[in-house]
Amino acid sequence: MINSLTVYCGANLGNDPRIVDAAKQFGQQMANNKISLVYGGGRFGIMGTIARSVLDNGGAVHGVITTELRDRGTALAGLTTSEVVPSMDVRKRQLMALSDGMVAFPGGVGTLEEISQAASWTSIGDNRKPVAFYNFEGYYDPLDEMFHRMYKKGFLERSYLDSLFFTDNFDQLISFMDHYHAPDYRHYQAK
C-alpha cells in the first residue's frame, strides 16, 4: 500500500494554468487518501502548489531541501516535517528513501533528472519502488515514446519498460503502485 509518495515537479508554475489546477487537485487527492507527500521542500512553482494543497486538505508533507536552496529563501514554511541536507545527491537519495513510490508531475530538467534516476535505478536493483509519470494533457508522451524506442533498439528490456507507468488519473496511478512488483535487476552476459 502506498502511504507516502515522492512527487518530483517544477519550481516554476509553467504557462498553463490548468497544470496548476491539476497540481492542487493532485495534492487534495493525496490528502483525501491519507498519502503523505515527500518532496523537495520548496515554496515556488508546482512544487509549492502541491505541498500547500496537501497541507490545506489536512495531509502530511515532508520536505527535503539543500542548505543552498534553503539559504536562498526557497523553503516552504509550515511543513509537517522537514530536513536540510548538504547536496542535491543526498536530497535525491532521501526523496527516494522516504516514500513508497515516485511520480513525476510536469516539470523541467530537474524533474526529468530525478525521475530518470529513479527509473534507471530500477534496472540495477537499487530502486524496488514504483515509478510513474503524471501525464497531464500528454505532457510526457514524447518520453513514453522515447522509452519505447529504447526498447525497440535493444537498450531497454521489456520488464523495465513495463515497470514505468504513464497516466493522468490519480486512482489509476495509485492502483498501479499498490500492485507493483519490481522487475529483477539487470543481469549481464558476455557476448
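Which residues have the most contacts inside the largest nonpolar core? The legends below begin with that core.

**Figure 1. The largest nonpolar core of the predicted model.** Leu5, Val7 and Phe105 have the most contacts inside this core, which has 32 residues. A nonpolar core is a set of buried Ala, Val, Leu, Ile, Met, Phe, Trp, Tyr and Cys residues joined through side-chain atoms within 4.5 Å. Buried stands for under 20% relative accessible area, exposed for over 50%, and partly exposed for values in between (1.4 Å probe, protein chains only). Two or more residues of the core come from each of β1 (4–8), α1 (17–32), β2 (36–39), α2 (45–56), β6 (131–134) and α8 (170–178). The most is given by α1, with 6 residues. Helices (H or I, at least four residues) and strands (E, at least two) are DSSP runs, numbered from the N terminus. A second, separate core has 22 residues, including Leu95, Ile115, Trp121 and Leu164. In soluble globular proteins, nonpolar side chains tend to be buried together.

This is a predicted model, in which local features need pLDDT of at least 70 and side-chain atom pairs count only at pLDDT 80 or more, while totals for chains, interfaces and linings use all residues. Residues are numbered from 1 along each chain as its sequence is written, and side-chain values use heavy atoms, with hydrogens and water left out.

**Figure 2. The chain as a whole, for orientation.** The chain holds 8 helices and 7 strands. Its radius of gyration is 16 Å, close to the 16 Å given by the globule rule for 191 residues, so the chain is as compact as a globular protein of that length. The radius is taken over C-alpha atoms, and the rule is 2.2 Å times the number of residues to the power 0.38. Along its principal axes, the C-alpha trace spans about 55 × 35 × 30 Å. Of the 191 residues, 48% are buried. Among contacts with a separation of 6 or more, 69% join residues 24 or more positions apart; a contact means heavy atoms within 4.5 Å. The chain exposes about 10000 Å², of which carbon and sulfur atoms supply 50%. Accessible areas come from the Shrake-Rupley method with a 1.4 Å probe, and for residues only the protein chains shown count as cover.

**Figure 3. Leu95 in helix α4.** Leu95 lies in α4, which covers residues 88–97. Its relative accessible area is 2%, so Leu95 is buried. Not counting residues up to four places away in sequence, Leu95 touches Thr6, Tyr8, Val38, Tyr39, Gly40, Val64 and Glu114. Leu95 and Asp184 are 89 residues apart in sequence, and their C-alpha atoms are 22 Å apart in space.

**Figure 4. Met88 in helix α4.** Met88 is also found in α4. With 36% relative accessibility, Met88 counts as partly exposed. Thr66 and Leu69 are the residues that Met88 touches, when those up to four places away in sequence are not counted. Between the C-alpha atoms of Met88 and Ala75, 13 residues apart along the chain, the separation is 14 Å.

Figure 5. Most residues other than glycine have a negative phi. Lys34 is not a glycine, yet its phi is positive, about 55°. The loop between α1 and β2 is the place of Lys34, and a relative accessible area of 70% makes Lys34 exposed. Glu137, likewise not a glycine, has a positive phi of about 50°. Glu137 sits in the loop between β6 and α6 (141–152) and counts as exposed at 55% relative accessibility.

**Figure 6. Glu113 in helix α5.** The helix α5 takes in residues 109–124, and Glu113 lies in it. Glu113 is partly exposed, at a relative accessible area of 41%. Glu113 and Asn135 are 22 residues apart along the chain, with 16 Å separating their C-alpha atoms.
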